[in-house]
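Please read them with the structure open.

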Amino acid sequence: MLRLGILPEGHIYPKEERPIRDLLRKRGHLVKLRTSLIISLKNIISRNCGTEIKVNDVKALKEDRVSYLLESNEDLYLAGQISKETIDYLTRKIREIEAVVEDRIELKEPYSHLKTIPGVGKILALTIMLETGPVKRFEKVGNYASYCRKVSSKWTSNEKSKGKGNKKNGNRYLAWAFSEAAEIARRHDENVRRFYNRKLQKSNFMVAHSALSHKLARAAYYIMKDGVPFMPEKLFA
């Protein structure tokens with residue numbers, strides 16, 4: 001297998017960088033926990049108060065903009081108060097991790113231009129850098145997109161579906177990072193929004209979101225490989 005060049009190779013991540021990478025993974029875990037609590041609390045308020053509350057109001061630390069909505073019922077008030085206190089606790093811990101990570105590690109070359117990608121801030125850029133490792137280990141952009149779980153695992157023959165591959169292959173943290181970047185970019189970048197809307201008209205929001213996150217993963221590959229900033233005219237031409 002080695003002589004024929006068909007022996008699969010694994011990447012051994014540098015030991016000195018594993019702790020900071022795992023710390024960022026812990027941040028992602030806490031973000032998911034907080035998101036589930038926020039959704040639960042919004043549902044409680046929606047069902048019992050007939051009103052919607054903004055996510056930023058739920059996450060506000062300086063003042064409690066939630067509990068007063070449930071004061072009319074003792075049990076609901078307790079549920080809301082506990083949820084809000086847990087959300088606030090997780091928010092503080094997430095910020096604590098972010099402060100430590102930003103203080104200990106900086107974007108290296110050729111990853112320094114990752115923040116020019118729409119929707120990618122410093123934390124997401126560091127996540128992409130640490131989870132990707134040496135970008136040269138990916139021979140083609142398709143290999144990287146597949147590693148990020150942004151390529152369909154569907155098998156076809158004669159235009160007929162013949163099953164699916166293992167969807168868990170690849171790096172789930174990179175899959176999350178580009179999915180998060182796509183959602184942020186869709187809200188704030190006009191070029192990204194136009195691309196997303198074109199896809200949305202032809203399919204549904206999940207397909208459009210997947211197509212956009214796939215585009216951003218491909219852009220990140222060339223940015224890291226060539227050491228150049230993001231070029232929207234090439235991605236959305």
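1. At what angle do H1 and helix H3 (residues 74-104) pack, and how far apart are their axes? The angle is about 155°, and the axes of H1 and H3 lie 9 Å apart. Angles over 145 degrees count as roughly antiparallel, and H1 and H3 are therefore roughly antiparallel to each other. Please keep in mind throughout that this is a predicted model.

2. The crossing of H1 past H3 is left-handed. As for the residues that make up the contact of H1 with H3, 17 are nonpolar, five are polar and seven are charged.

3. On the chain as a whole: nine helices and two strands are present in the protein chain. In sequence order, the pattern reads α-α-α-α-α-β-β-α-α-α-α. Along the principal axes, the C-alpha atoms of the protein chain fill a box of roughly 75 × 45 × 35 Å.

4. H1, which spans residues 18-49, also packs with helix H4 (residues 122-132). Here the angle is about 130° and the axes are 10 Å apart. That angle makes H1 oblique to H4. H1 passes H4, too, in a left-handed crossing.

5. Which residues make the contact between H1 and H4? From H1 come Ile20, Arg21, Leu24, Arg25 and Arg27. H4 supplies Ile123, Leu126, Thr127, Leu130 and Glu131. Sorted by class, the contact of H1 with H4 has five nonpolar residues, one polar residue and four charged residues.

6. Next, the largest pocket. Its volume is about 740 Å³. The lining of the largest pocket is made by 23 residues, and those closest to the pocket centre are Val31, Thr35, Lys59, Glu180 and Arg187.

7. Which elements give two or more residues to the lining of the largest pocket? They are H1, helix H2 (55-59), H4 and helix H6 (172-188).

8. By class, the lining of the largest pocket has nine charged, eight nonpolar and six polar residues. For anyone looking at the pocket on screen, Val31, Thr35, Lys59, Glu180 and Arg187 mark the residues closest to the centre.

Conventions: Residues numbered from 1 in each chain as written. Predicted model: local features only at pLDDT ≥ 70, side-chain atom pairs only at ≥ 80, totals over all residues. Heavy atoms only, no water. Axes fitted to C-alpha atoms, helices over the stretch in contact; angles between N-to-C directions. Helix = DSSP H or I, 4+ residues; strand = E, 2+ residues; numbered from the N terminus. Parallel < 35°, antiparallel > 145°, perpendicular 65-115°, else oblique. Left-handed = near helix turned anticlockwise from the far one by under 90°. Contact = heavy atoms within 4.5 Å. Nonpolar A, V, L, I, M, F, W, Y, C, P; charged D, E, K, R; others polar. 1 Å grid on protein atoms, 1.4 Å probe; cavity = no way out; pocket = protein on both sides within 12 Å on 5 of 7 lines; lining within 4 Å. Points joined across faces, edges and corners; volume = space filled by probe spheres on them.
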